[in-house]
Amino acid sequence: MRVIVAGRPNPPIPDDVPDWHPLYDPGIIRLLGDSAHARDLQRLGQSELKRLLKGSPIEQDLLGLLTAARGGLSGPDLRELTDAELVTVEEVLHTVAGRTFTRRLAAWSPDDGPQVYLLGHEELHNAACHYLGRARLARYRNQLHTWADGYRSPAHGQPPWPPHTPEYLLAGYSRMLAAADDTNRLAALAIDAARHDRMLDLSGGDAAALTEIKTCQDLVLASPQPDLYVMAILSHHRGQLESRNANIPAELPAVWATFGQPNRAEALTHALTNPDHQVRALAGVVEAVAAAGDLERARELAAVAAQNARTITNPFEQAQALARVVEAVAAAGDTERAEQIARTITNPSKQAEALVGAASAVAAAGDHERAEQIARTITNPSKQTWALTGAARAVAAAGDLERARELATYAAQIARTITDPDQQACALAGVARAMAEARDLERAEQITRALTYPFNQVQALAGLVEAVAAAGDLERARELATYAAQIARTITDPDQQACALAGVARAMAEARDLERAEQITHTITDPFQQAWALARVARVVAAAGDHERAEQVARTITDPFQQAWALADVARVAAAAGDHQRAEQIARTLTHPSQQAQALAGMAGAVAAAGDFERARELATDAEQIARSIIDSVQQAQALAGVAGAVAEAGDHERARELATAAEQIARALTHPSQQAQALAGAAGAVAEAGDHERARELATDAEQIARTITDPSQQAWVLADVARVVAAAGDHERAEQIARTIAHPSQQAQALAGVAGAVAAAGDFERARELATDAEQIARTITDPDHQAQALAGVVEAVAAAGDLERAQKLATEADQIARTITAPNRQEWALAGAARAMAAAGDHERAEQIARTLTHPDQQAQALAGVAKVVGLPRAGHLLGEAFALGSWLTPLPVLAKIQPQEVIRIADAVSADSLRVMSNRS
């Protein structure tokens, strides 16, 4: 097959086309000569254009408005703008000026929305702009602005941007403003929450709103002196939009696609900002769209999913995301493309896993021969065994038992070549399962009994029990499950025994011995494994059709979070079986909003699969609304504390104390010790900034007491380091040092001592500050992990610089940079390099610090590094750096630096953010 791509030299190939793409190959370019037909059309179009410019008032107005608007206005829009009859508008656009104007469907409501009009092509638009002139175009733009203002602030008590708002004002208008460099109007639109709510209602996602914000940020940053207030508010509003999409279930977009709303599904996926979450959602949509028969769109979405997966910097997570895309593409029937994507994964083990997924998906789709071919290309024997057993199981399910046995036999041969004993045992356990499903139970049992590792033998027996039970021999299944339980009891490792017993419990449930299954689960001492076992038993019981009993089993799980997930699973199985009423009853009893949204999304998919699209839409809508209503209390407390600290730095101590008190109230309501301690420490820091050192020490003491209850040593170290820095900022340097020296984790201890040294230096005791910094450096040098050592040294640099020894600070900063570059894991290296950049800036090497910052690819890390440089370079350079930081990362990151250079802007930001936060909380409650 050959693909022909036609285009113009300008604009060039888009930035999102990867470097390896054939479009970059100059050898494929063929310049086309002028088309006589195209020249005739151009001549006729320009002739018609000139006639319209001298035509009737309505003809001139239609041309002027569509040119100024850059297209996208519908017939009803133009009727409203010109006061002409709709029939007159359509007569001009359809007949009199048929060569000048063209039509297309509305982007967000193609099925029931009116068609929209635009000039026939770009050259006609440019010619129209030239002939109309700047003055006339400005008048038409002002007419559009007035029209937009009428919907932003409608009369007669209507809400802003009411339901009948034209689509152009929610989509095309902002693009027109951007093209006209009308930054002020565009910024007002891009932070208009009511308008973005209406866009969400119409489009089904926030992708357009997020794009609009980015476009506006780019325009503001292009100005000689970026407006940092506007940048901050845009960044804050972007954070609000991202927050309301953070809890959208990954399977929900596919549900919308299932019942014929692929546009809404796609819009929903593009609003998800977590790349891994987005890739999983897109992969689900690919499968749903392909199942609906739209293979071309499925391929387009798969390409987007693969492209997004490649933006993930963590190699392990990237490979996992690509593997999910491979499965979706294979399931959509594009086997060749799936295999191509899999083979682009550079990690050999992960590539093999992706090929296993592709083989399984192809086998499940019925192309068993192709699945076998893919499996045979895998060189890793362990992964090849899994691919072959997956193909064997699929062939067995299709009824070809003889071929299934042949594949399982070949898989057994490959498995015996695996040199790692544990991997071989796992592979043979999978082979035994495949043999059993191919009805060769004798051979399956022989393989299982030959395994020497008890844990692997139990796993194999559990799979064998399930296959035997599925074949209808429940008596034999129970015998095998009893044997598996006996072997599990011989395992001496507590964790492995708990995991093995959980598998046995599930096997007992598969054998329909539910009483025995529950008995086994209650003998498991590990709470997590017990909950997992009960959840698996509940699912098996639900799959057997006893939904009431399944719910009862799930409710015996004592951990609320795990119980909720088990109940959600039962609800999904019940819905898939057609028991929609019970499924919904279970889902509605879940108290955690995220889990309820997940459960309702799963139900919606099951109901849609059953053909009840109307009810599925209602459930999907409920799931989406619940997910968007979730307020992250931890983030809320952090934001309030961050704003409070910046406001205090700006000089408004009373306002800062009010914000810190609000942060404290939220922190006190948190139940997780680590989150509560960190939130209280943040509030204490803000109170210290506001000058109330006594109250700050009280809050810090509370945070320390809670931190001491944290059982995870690493988490405790992080929190105690925060507490030490806060206590130092509150002036109690001795107590801060005591806390720092109790931290067991070397990296956090070094950073805590460095923080205390900085506070001591700020108080004027440079000699003591240097002593503490020296201690911190000595501890840092004992750290063997390069990323932790680089971070610790970076913290020391800031303390040494604060103590006045810039020469020593620069040497340490260079060392931190060198150590960071030895780190091979990309995300950990970025974390370390961001610290090195801040250290380099504190040491006075601003140019090198900015160079390092600009090599970073993670937005938040780069924002922190740029803010660190801005802290020391001063205006006007600091303004541009802070503007970039606002555009890249959290709106909180640049605030402390902005408070030092433009304190009044921070007060304005705090006022605007407080009002917006109250509105969001009101809407979500």
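**Helix H46 and its surroundings**

Guide: The buried residues of H46 pack against helix H44 (826-842), helix H45 (846-855), helix H47 (877-888) and helix H48 (895-901). Contact means heavy atoms within 4.5 Å, and buried means under 20% relative accessible area, exposed over 50%, partly exposed in between (1.4 Å probe, protein chains only). Helices (H or I, at least four residues) and strands (E, at least two) are DSSP runs, numbered from the N terminus. This is a predicted model: local features need pLDDT of at least 70, side-chain atom pairs count only at pLDDT 80 or more, and totals for chains, interfaces and linings use all residues. Residues are numbered from 1 along each chain as its sequence is written, and side-chain values use heavy atoms, with hydrogens and water left out.

Visitor: Which residues of H46 are buried?

Guide: An α-helix has 3.6 residues a turn, so residues three or four places apart point the same way. In H46 the buried residues include Gln862, Ala863, Leu866 and Ala870.

Visitor: What span does H46 reach from its first C-alpha to its last?

Guide: The expected span of a helix is 1.5 Å times one less than its number of residues. H46 (residues 859-873) has 15 residues and reaches 21 Å, close to the 21 Å expected. Just after H46, Gly874 takes a positive phi of about 80°.

Visitor: How many disulfides does the structure hold?

Guide: A disulfide is a pair of cysteine sulfur atoms within 2.5 Å. The structure holds zero. The sulfur of Cys499 is 10 Å from the closest cysteine sulfur, in Cys426, too far for a bond.

Visitor: Is Cys499 buried, partly exposed or exposed?

Guide: Cys499 is partly exposed, because its relative accessibility is 26%. Cys216, at 0%, is buried.
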